[in-house]
Amino acid sequence: MEIIRLTADDAERFLAMRRLALDGDAQNFRGASVDDAALGLQAWRDRLARDHVVALEADGDWLAVGGLTRFPGVKLDHKGLIWGMYAVPAARGTGAAARILDALEQAARDMDLRQLQLTLMADNLRARRLYERHGFELYAIEPDSVCREDGYADEALMWKRL
């Protein structure tokens, strides 16, 4: 297994994996695959070219993915946002997501970022435990942040000083 950095050329494969996550486990994500599609392939190609996006690959299969972006602007560019974390069901509990998170944290250090932020659905305890094991701390709960099929749901906001 190895961590690979994704490029613009990986956009279609990346979107297919995101669609699996967003459609197959919709309760655990704030995004929706219809929104990804509405952005269009070129916007995703641009994002993969700009952001630091990685996959854990084994025998040509992607087991997990995750992205890191720097906040824009002179007053915020010391911070990064972890986004798009997802592990395929077969890879859950194997450390795949932890390896992605480790790789993104190292990339953040290489970019001289001072802190990382992320958001997750407040009721996604599996993900929250992963982030807590990596030193992320809860700093807020945004009530009714996401409209899901079962009603409005809270979003947890976490951060980590590097």
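How many aromatic pairs does a search of the whole structure find? In this predicted model, the search finds 5 aromatic pairs. In one of them, the ring centres of Phe-14 and Trp-44 are 5.9 Å apart and the ring planes meet at 45 degrees, so the pair is classed as tilted. This pair links distant parts of the chain, with Phe-14 in helix 1 and Trp-44 in helix 3 (residues 41-50), 30 residues apart. Phe-14 is buried, with a relative accessible area of 0%, and Trp-44 is also buried, at 2% relative accessibility. Together with Trp-83, Phe-14 and Trp-44 form one aromatic cluster.

Arg-18 is placed in helix 1 (residues 11-24). Not counting residues up to four places away in sequence, Arg-18 touches Asp-36, Trp-44, Trp-83 and Gly-84. The relative accessible area of Arg-18 is 14%; Arg-18 therefore counts as buried, the limit being 20%.

The largest nonpolar core has 46 residues. Helix 4 (residues 96-110) gives the largest share of this core, 7 residues. The residues with the most contacts inside the core are Phe-14, Trp-62, Leu-68, Ile-82, Met-85, Tyr-131 and Phe-136.

Trp-62 lies in strand 3 (residues 61-70) and is buried, with a relative accessible area of 7%. When neighbours within four places in sequence are left aside, the contacts of Trp-62 include Phe-14, Met-17 and Arg-13. Further contacts of Trp-62 are made with Ile-4, Leu-6, Asp-10, Ala-55, Leu-56, Glu-57 and Val-88. Arg-13 lies over the face of Trp-62, at 4.2 Å from the ring centre. The C-alpha atoms of Trp-62 and Arg-19 are separated by 14 Å, the two residues being 43 residues apart along the chain. A charge also sits over a ring at Phe-71, where the charged end of Lys-79 is 5.0 Å from the ring centre.

Strand 7 (residues 151-161) pairs with strand 5 (residues 115-121) in an antiparallel arrangement, through 7 bridges. Within this part of the structure, Met-121 has Glu-155 of strand 7 as its bridge partner. Strand 7 also runs antiparallel to strand 6 (residues 137-148), to which 8 bridges join it. Arg-148 has Gly-151 in strand 7 as its bridge partner, and a hairpin connects strand 6 to strand 7 through 2 residues.

Methods: Residues are numbered from 1 along each chain as its sequence is written. This is a predicted model: local features need pLDDT of at least 70, side-chain atom pairs count only at pLDDT 80 or more; totals for chains, interfaces and linings use all residues. Side-chain values use heavy atoms; hydrogens and water are left out. Two strands pair if DSSP finds at least two bridges between them. Helices (H or I, at least four residues) and strands (E, at least two) are DSSP runs, numbered from the N terminus. A nonpolar core is a set of buried Ala, Val, Leu, Ile, Met, Phe, Trp, Tyr and Cys residues joined through side-chain atoms within 4.5 Å. Buried means under 20% relative accessible area, exposed over 50%, partly exposed in between (1.4 Å probe, protein chains only). Contact means heavy atoms within 4.5 Å. Rings of Phe, Tyr and Trp (its six-membered ring) pair if their centres lie within 6.5 Å; planes under 30 degrees apart count as stacked, over 60 as edge-to-face and the rest as tilted. A charge sits over a ring if NZ of Lys or CZ of Arg is within 6 Å of the ring centre and within 35 degrees of the ring normal.
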